[in-house]
Amino acid sequence: MTGLAADRRTFLKGLGLLGAATLVPGCATSTKSPGSGSAATGELSLQSNLSSEQAKAAMEKLVAAYNKTGGSQVKLNTVAAEIFRTQLPTYLTSANPPDVYTWYAGSVADSYAKKDLLLDVTSVWDSMGNYSKAMQTLSTSSAGQKIFVPTSYYWWGMFYRKSNFAKWGVTPPKTWDEFVAVCKKIQGKGIPPIGIGLGDTPWVASAWFDYLNIRINGAPFHRQLLAGEGDFTDPKVKAVFTKWREVLPYFDPKGKSFPFQEATSALLAGKTGMFLIGTFFADSAPKDALDDIDFFQFPIIDPAVPVAEEAPTDGYFASKKVKDPEGTKKFLAWLATPEAQNIYVQSSSGTAIPANPDGKSADTALVKKGKAMIEGAAEITQFFNRDSSDALQPTADAALTKFLDKPDQIDQILKDWQAAAQKVFKA
Amino acid sequence: MTATAVESRSRTGSGSASRSRRRGVSPLILAFVLVPFVIEAIWVFWPALQGFWLALTSWDGLSAPRFIGFGNFGDMVSDPIFRTALKNTAIWLVLFGGLSVIGGFGMALLLQRERRGVGIYRAALFTPVVFSLVVTALIWRVFYQPDGLVDTVFRTVGLGNFVRPWLADPDTALYAVIVPALWRQIGYVMVLYLAGLKAVDPALYEAAKVDGASAWQRTRYVTIPQLKGVNSVVLSVIVIDSLRSFDIVWSMTKGGPYHSSELLSTYMYSTAFQSTQLGYASALAVVIFVLALAVILGYLIRAFREES
């Protein structure tokens, strides 16, 4: 009898403990006082969204190399890119956030700096004197603090197969008229001239909007528009779509159905002629086909507009609540060195260019040409979501895919786009 | 006085009923109720209540939520995407719900009689239920891709004019997604009806036969009324499944192209996690909750009325 009662008491106690234990994870983030955690063990956490096989391996090598230098030990935590993107605000606003994050330069980083969530890394930049002016601007918040450490960038261009261009008797165009002529000629061979992949990746269409806008209205107008200081119903924006309409008949009609990876396959198989895409497409291309790949700069439309190019810059920022600011800055300063960037560039797919001017990019003709194009540009833009915000991207996806399908409804599309964008800026 | 009386009664062991009346509910039972309740309260009720509160705010997930009253609901009235999502959810409820009931019931009637090999057909129809909807979506996407199985079939039977980018065409995207959802749901509903049919007393059929009822009359006047109990289960399953349909649409079209296959659930998700308008998304969640409640309550009230 007593035995049974005691058993019951133990059982209830256990049950109570179980209940309490389930509460613990909820509290864990708030109970840890700053300085009590990783600083004591000298450990920094690095949250990475580079989850593709090659990039992840490169990150592991990078972290292993830093851990050998004897500073704080860095622990890499790789998260799938989509989850990382949706979780980033939660990471940064939590009471005990990870220390360092892979992310993008420009407006998309500044949006977090405006909420006072990022570590001021101005002192890190003091040791990064040789970085270009453009990189400095991209890494500076609207309040004038350095908040970002750029480590690599890539470029967007009109990619094509050299052998196919030779076969069709066309040469890379420089101006819009030449471009239209090339489209006509390729279409004459029964091949859809312009490939696109909007199935699962509708954001690819934003590259067309970005490029046409920076070629027609210039990069400053583009940035203002994306920052909410302009209006999508502006006649200058409509001019972008009027120009775009001229080449709509040359887009691959099947491109609506598949993602950019399949559009890459279509280009490599000679089923489309050209493809406006970033160099990351190479990740899903067989290595032997890459030797036959070349690109040309997006055609010039108005020679009076200073030439801008899209060169999205990747790098790192840190949480304002880091437990060990000095250790974190030391790690960021190391990431900015040519040695660190070379480790990453050499171990990843090889089309990224180190942000440090002394870093060594891959020695291929393609990369040299891409680097020269970016260095020769008067202005650099990032990409639609990086120059605006991830929240604005879905509004562009809906507007642009609808335009490609129903170009006649452009006025209504622009009105809807403005309304959707307004909601994002208001939130 | 009372105490001694009770004590003496309990000492004589005059029954557990009086003892429980004296000491209240056993702490063990109380713990079995309260501990899950506390856990449920923290992980289910509290977030749900928070959701109601967030629906009255404008929140980007970073700054503090800003109270705006019923502003989000006001915005919904003039939001064309919300209207599309609401319309599509209604279409989904009717088509997905209706066709899976008709299909499931038809299949159950067809396969109810025990004959050789019928188990194989039942298993074949039930198999899609076993797959995750995300996998189902991946397989069907391959079918729908340009020059895929669907296009090939249409061309082979001479209906080449019908070929189109099924998932990328705003006129067909929603219906193209309903087909695989049905493909899966019909097997599930069939099993529910098969179980119901097995429970019908064979003597009723015998009696109907003796009275000279035809096969159609037997179905109409014996089978269908006997399945009343199963119908209510099927209806609740269908309504709940329709309103929570998300995975198949998200993995096949993400609500696109340009919101043409958007359901309330996918719109809520993309508003919350892609556009980071968490206040507006919470308001959408409240709308879904109210709709589900209205449909289910409406049915329950009718069912009770019929019973009484």
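Which residues are linked with R141(B) in a network of salt bridges? The network joins D200(A), R141(B) and K254(B); a salt bridge is a side-chain nitrogen of Lys or Arg within 4 Å of a carboxyl oxygen of Asp or Glu. The points below set this network beside other features of the model.

1. Basis of the note. This is a predicted model, in which local features need pLDDT of at least 70 and side-chain atom pairs count only at pLDDT 80 or more, while totals for chains, interfaces and linings use all residues. Residues are numbered from 1 along each chain as its sequence is written, chains are lettered from A and ligands numbered from 1 in the order in which they are written, and side-chain values use heavy atoms, with hydrogens and water left out.

2. Chain A as a whole. Chain A contains 20 helices and twelve strands; helices (H or I, at least four residues) and strands (E, at least two) are DSSP runs, numbered from the N terminus. Of its 427 residues, 53% count as buried. Here buried means under 20% relative accessible area, exposed over 50%, and partly exposed in between, with a 1.4 Å probe and protein chains only. Among contacts in chain A between residues at least 6 apart in sequence, 76% join residues at least 24 apart; a contact means heavy atoms within 4.5 Å.

3. The sheet of chain A. Strands of a sheet pair through backbone hydrogen bonds, either parallel or antiparallel. In chain A, six strands form an open sheet with mixed pairing, in the order β2-β1-β3-β10-β4-β11. Two strands count as paired if DSSP finds at least two bridges between them. The edges are β2 (73-78) and β11 (353-354) of chain A, each of which pairs on one side only. Strand β4 (residues 149-153) of chain A is joined to β11(A) in the antiparallel sense over two bridges, and Y153(A) stands opposite I353(A) in β11(A).

4. Salt bridges around helix α5 of chain A. Over all chains, the count comes to 22 salt bridges. One of them links the side chains of D110(A) and K114(A), at 3.8 Å from N to O. Both residues lie in helix α5 (residues 107-114) of chain A, four residues apart, about one turn of the helix. D110(A) is buried, with a relative accessible area of 10%, whereas K114(A) is exposed at 60%.

5. A bridge between the chains. The side chains of K115(A) and D60(B) meet in a salt bridge of 3.1 Å, N to O. K115(A) lies in the loop between α5 and α6 (122-125) of chain A and D60(B) in the loop between β1 (57-58) and β2 (66-67) of chain B, so the pair joins two chains. K115(A) is partly exposed at 34% relative accessibility, and D60(B) is buried at 15%.

6. K320(A) and D116(A) form a salt bridge of 2.9 Å, N to O, through their side chains. K320(A) lies in the loop between β10 (313-318) and α15 (325-335) of chain A and D116(A) in the loop between α5 and α6 of chain A, so the pair ties together parts that are 204 residues apart in sequence. Both are partly exposed: K320(A) has a relative accessible area of 42% and D116(A) one of 47%. Most residues other than glycine have a negative phi, and most peptide bonds are trans. Phi of D116(A), however, is positive, near 60°.

7. Two helices of chain B. Two packed helices are described by the angle between their axes and the distance between the axes. The axes of α5 (residues 80-111) and α12 (residues 228-243) of chain B come within 9 Å and cross at roughly 145°. Axes are lines fitted to C-alpha atoms, for helices over the stretch in contact, and angles run from 0 to 180 degrees between N-to-C directions. Residues making the contact include W92(B) and F96(B) of α5(B), with V234(B) and I238(B) of α12(B).

8. A covered helix. In helix α14 (residues 264-273) of chain B, seven of the ten residues are buried, among them L264(B), Y267(B) and A272(B). Their cover includes α20 (410-426) of chain A, together with α5, α12, α13 (247-252) and α15 (278-307) of chain B. In the loop between α14 and α15 of chain B lies T276(B), whose phi is positive, near 40°.
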